[in-house]
Amino acid sequence: MKEPIICPVCKQTLEFGEKTAFCKNGHSFDRSKEGSVNLIINGSPSAGDDPLMAAARKRFLGAGYYSHLLSALKDSVRTSVFDGCTVIDACCGEGYFTNGLQNEFPESQFYGFDLSKRALRYAARDSRKALFFSANISSVPVKDGAADILFHIFAPVNEKEFSRILAPDGVLIHVFPGENHLMGIKRLLYEKPRKNDENSGLSNTFEKISSKKISKKIFLDGQSLRDLITMTPYFYRTPKDRIDAAMAVSAASTETEFIIEIRKKAR
Ligand SMILES: C[S@@+](CC[C@H](N)C(=O)[O-])C[C@H]1O[C@@H](n2cnc3c(N)ncnc32)[C@H](O)[C@@H]1O
Ligand SMILES: [Zn+2]
C-alpha cells in the first residue's frame, strides 16, 4: 500500500502502528487512545476549533443535519475514486465527512488532519479505517503529489500546500458556503443579516471542472440550534446578548446552501 504520510522531523515515510506512528530513522509519535497521531513538532500559533465548538459540531453533524451534503460528496467522488486511491481530508474536524466517505469507499485509504486535538479524537474514535493526525494546513506532512483526491470542506485555504500534495491528475473537492447558507440563524443574530460572498478563495492555479449548489431547509430543535450557533464563527463574533437571545429560542429553521467545486491543477 502507498504510505503518503511523512515524518515531520526527517520527511521519511511514516508508518502507522497500533500505539505509535514511526519512521525508519527512529522518530516515533504516540497515538492517542482513540488512535489519532500528533504530528505537530514545533507548536502551532493556533489550536483550531476549541473543545466546545468541536463537541457542538460532533453532536450536530451526528444528528444528520448535513447528511444531504455527505450524499452529494459521495456522488461527486464516485467518478474519481479507484481501488488503492489516497484521499486526504484537509481540516477534517470531527471526521463526519472523512469517516462517512471512507465507509462508502473501503478500497481507498482516507487520511484526515486538523489542528483541533478534541475534534481529531472524535474522528479517530468513530473510524473504521480512516487515519487521523494533527497538522497545520500551512505545513502538511504529506508527500509531494500523494493525494489522488483532496477534500477541503468549510475550512481555511492554503493553495501552496494543496498544489504540492495533490497528484498531477488529482482532484480537489472544495466545499464552501452559498450566499444563503444559514440565513435563518443570521436572522436570529443580526438586525440586517448579509448574504455570504460566494467566493471559493482559490485562484486559477486550480482549474474549475464543475460547480454545483446543494440547498435544503433544515428544522432545528433547541439543542441543535444551540449546537449550530456554537460551531459557527458567529459564536465568538456576535455580541453576547444576541447569542443568549438566539440560544433561548426553542425551535428554528434555516436554509443550508453548499457549493461543491471540483478542480484540478491547471496545466
Ligand atoms: C468549520 S470546521 C470544518 C470541519 C470539517 N471539514 C467539516 O466540514 O465538518 C473548520 C476546521 O478547520 C480547522 N482548522 C482551522 N485552522 C486550521 C489550520 N491552520 N490547520 C488545520 N486545521 C485548521 C478547525 O480546527 C476546524 O476543525
Ligand atoms: Zn523521521
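Strand S9 and the cysteines

Of the 12 residues that make up strand S9 (residues 166–177), nine are buried, so the strand is largely enclosed by the rest of the structure. The model is a predicted one.

S9 has pairing partners in S8 and S11. Strand S8 (residues 147–153) pairs with S9 in the parallel sense, and six bridges connect the two. Within this pairing, Phe 151 has Ile 173 in S9 as its bridge partner.

The cysteines can be taken next. How many disulfides does the count give? The count comes to zero. For Cys 91, the reason lies in distance: the closest cysteine sulfur, that of Cys 92, is 7.9 Å from the sulfur of Cys 91, which is too far for a bond, because a disulfide requires the two sulfur atoms to be within 2.5 Å.

Is Cys 91 buried or exposed? Cys 91 has a relative accessibility of 17% and therefore counts as buried, the limit being under 20%. Cys 10 has a relative accessible area of 22%, so Cys 10 is classed as partly exposed.

How values were computed. Residues are numbered from 1 along each chain as its sequence is written. Chains are lettered from A and ligands numbered from 1 in the order in which they are written. This is a predicted model: local features need pLDDT of at least 70, side-chain atom pairs count only at pLDDT 80 or more; totals for chains, interfaces and linings use all residues. Side-chain values use heavy atoms; hydrogens and water are left out. Buried means under 20% relative accessible area, exposed over 50%, partly exposed in between (1.4 Å probe, protein chains only). Helices (H or I, at least four residues) and strands (E, at least two) are DSSP runs, numbered from the N terminus. Two strands pair if DSSP finds at least two bridges between them.
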